[in-house]
Each structure stands twice: as C-alpha cells, then as structure tokens.
Amino acid sequence: MKKLLSLFMALVMLMSVLGAGSSVYAANSKTVDAQIKGAANYLLENVSDFTVESSADFLMIIRSGVNVSKYKNGYVNSVKSTLQANSGKLAFTSTSWEEVNGNWVSTTTTVEDFCLTASAILCLKALGYNPASFYGYNLNTYFAGMDFTASNSNPYQYRFAIEVADSTLAKKIINSYISSYYVMGSGMNYWGYSCDNTSNFVTAIAPYKNDYKKYVDDAKKVIQSFTKSNGAYCDEVYSTEVNADSTATALMAYASLGELSMAEKYYNWLVNGFSGSKTGVFTAYGSDNAYATKDALLALECYKTALDKNAAEIAKQTAAFKKQKTSLTKLTAGRKRMRVVYKKLSTASGYEVMYSTSKKFTKKTTKTVNVGYTKAGTYTFKGLKAKKKYYFKVRAYKVIGGKKVYTSWSAVKSKKTK
C-alpha cells in the first residue's frame, strides 16, 4: 500500500533541507492554479490510495482541485473502519523504542492525534460528508473533547486543529502550541530552530494574527533571519543554502497572513530558482524532488487563496465605489474663467472634470482635466473664451488594486463666462 510522503516530519525536514488596502500583484491566480495542479498530479504518480493516517496529505491533494474520485471510497472506508474498531475514536498504535540494559525494547501504545483528527474532519467536509453525523459518529464532538496538550501531534499540522476549532478552543490550542514549541527571538523549536519550523508556526496561528501579534511579528523576524537575496534557507546546522522547501514555507507563512507583497517575493524566488521539468514540479540540487514539490504545493495553495481573497476584496471595493455619486454644486463665472465647486467623496483619490462649448460634448469642443484631489473641492478653469457658454460635468476616481476606478459622470451644469 503506497501513501503520499507520510514520513515523520523530522525526516521530511532533513531531506528537504538537503535537497492593506488591496493591491494587484504580479502573480496570476490562473498561473498559480496551474502550478498547484501540476504539483498535485506529480505527487500522485505513484499513489494508489489514501487512508485516515494520511489525512493531511489527502487534504492537500483535495484542496489542489484535481480529481480525487478514485481515492474517495478507500479513504472514507478507512476512517469508518478505524472509528468502528476503536469505539468511535481515531486511534492508532504507536511503537516507541528505548534502550534497557544494553538492549532495545519496544513499547506499543494506542494514541489519539488531535491534528490528524482535525485533518480527517476537513477531508470529510471537502468530500461532502457531515463530520457531525458520519455513520453514527460525531467527529466534531470527539475532536472538541481531545487532549490538546498531547505531544504525539505533529506541530507542522496544528493549523488543521486551529482551522477546525471554534475561536475559544482555537486560542486554547494556540496557547498550548506556543507554550510547547515557541521561543521568542528564536522561533519554533522542533528538532531545533529553522525557517521551515517557524513558517509552519506562523501559518497555523495566522487566522488569529491580531490576537497573537507579538508572536507573529517575532516569527516574521525569525523568517527574515533565514532569508537571503534569492530565497530562504533552513537553518544554521543542516544547510545554509537557499532551497525550495524553506522558500516555499516562507511563502506559505506570508500568504497565510495576507501579506502579499512579501509573499510575492518568495513566490518569485521559488519559481525562478527551483522550477523543475514540468509545471508545478520543484527541485532539490537541480533535480525534480517530491519533498520540494510537496512544500511548494502547500505554499501555492495558501498563496492562491490569498490572491483570490485579494481579488474579491478589490471587486467588492470597486463595485461599492462605482455606486457613489458626485455632483457639481456651483459654477462661478469670471473673465475668461470658471470656478467649479463639486461634491467631495470621502473615499475618492481625485476628480476629473469634463467641459465643452457643446451641449453634446462633441469631441472637438471637449476637454477632460484631471483636477486631482483638492481639499476645498474646487477648481478654476482659466483661458476660456469670453462670454461663451460652457458645459461641465464631474466624476470621482479612486485607485483600487493599482487601477483607477471611476464613478459615473454627474449631471451637467452650464454657465457663460464674463
């Protein structure tokens, strides 16, 4: 039975290191989506099934958007049979070894993993099942009653538990997470300190970044300490060379925080420095590498989510601004000049005034002036023809996502110059 890279994260980490107002960013969501699907398909090349124990990997594949129908029944049956065999618990046997009088002795125990349980809940939701009523089992209630101080859960997967939990429980989990793993000034301690560790920590607590701002700010400084001019490296022990895995986890952290300007830097470093033989495949030591591609896939999924959220916010702001209306409130004539007073909008970046000697605003008689932003909401047009009737209208604009968005033109007002 083949599973997708379900190794201990310590080994994964070791192998990998060896191997605002809304804005528009260079990365295109469609391009990132193509990379996501390319990565997922590459990782699935030798995968025959997924079980409950590989829930985190399966969730990553589900969220990539590729077709997972061939794996669905096997996975669901695995969750179901595990619950039935353990009286409604997602419990597993774990073997540990210790040296006793010069001999290695194994101990087998049954363990429950709240991070794995959370990832299973998320998988079932994504597959269309209700975790609160899954073949007679309420996985939500089961999860809420688990021991969140247990050390058998993988700290790289705390993000799943935090995602599943309500806000009160999530903060309880985060507090335990910080107490167990985080050291201010050094980052997350999991087999040592590294960019990868701390980036995963940031990703996990990102939904509550405002509540844990001092830890987020500290963690970002740690990530920066592992960043060079062309990407990120793991740590000061195993590798100080920039690599795809560390660059990807840093991308994941900043994308999860919604800090797209920083995320874009790591994205560009990842794609420009470590792209492999196919779209979405990434390298270690110049060769296509599954570990690098897996970390990249996780990061790209977070990045696309952030890009899509940013695009949605831009669309929302654009629609809201376009609905606003400005108007000309007064025209004051002078000798060969006209003073225009217009209604200001609190959210506008500036204004444009169109004026013409033609009521129909014909092309040859019409000019448009960007009057920018004025505190008083007035602008004086000079050099006009004396004793000539002029027609005026105004519209406001706002820079949203790097582009000017306009309101509709106001009603027309006219007056003769002196």
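Ser356 is buried in this predicted model, with a relative accessibility of 0%, where buried denotes under 20% relative accessible area, exposed over 50% and partly exposed the range in between, for a 1.4 Å probe and protein chains only. The model is predicted, and local features need pLDDT of at least 70, side-chain atom pairs count only at pLDDT 80 or more, and totals for chains, interfaces and linings use all residues. Residues are numbered from 1 along each chain as its sequence is written, and side-chain values use heavy atoms, with hydrogens and water left out.

Ser356 is found in strand S11; helices (H or I, at least four residues) and strands (E, at least two) are DSSP runs numbered from the N terminus. The side chain of Ser356 forms a polar contact of 2.8 Å with that of Thr365 and another, of 3.1 Å, with that of Thr366. A polar contact is a pair of N or O atoms within 3.5 Å; within protein, one must be able to donate a hydrogen and the other to accept it, and residues adjacent in sequence count only if both atoms are side-chain atoms. Beyond four places in sequence, Ser356 touches residues including Phe361, Tyr390 and Tyr391, contact meaning heavy atoms within 4.5 Å.

Tyr355 also lies in strand S11, which spans residues 350-356. The relative accessible area of Tyr355 is 11%, and the residue is therefore buried. Among the residues that Tyr355 touches, not counting those up to four places away in sequence, are Phe361, Val369, Phe381, Leu384 and Phe392.

Helix packing was examined next. Two packed helices are described by the angle between their axes and the distance between the axes. Axes are lines fitted to C-alpha atoms, for helices over the stretch in contact, and angles run from 0 to 180 degrees between N-to-C directions. The axes of H12 (residues 260-274) and H13 (residues 290-322) come within 11 Å and cross at roughly 140 degrees. H12 is therefore oblique to H13; angles under 35 degrees count as roughly parallel, over 145 as roughly antiparallel, 65 to 115 as roughly perpendicular and the rest as oblique. On the H12 side, the contact includes Leu260 and Tyr267, and on the H13 side Leu300 and Tyr303.

For H3 (residues 55-64) and H5 (residues 114-126), the axes come within 8 Å and cross at roughly 35 degrees.
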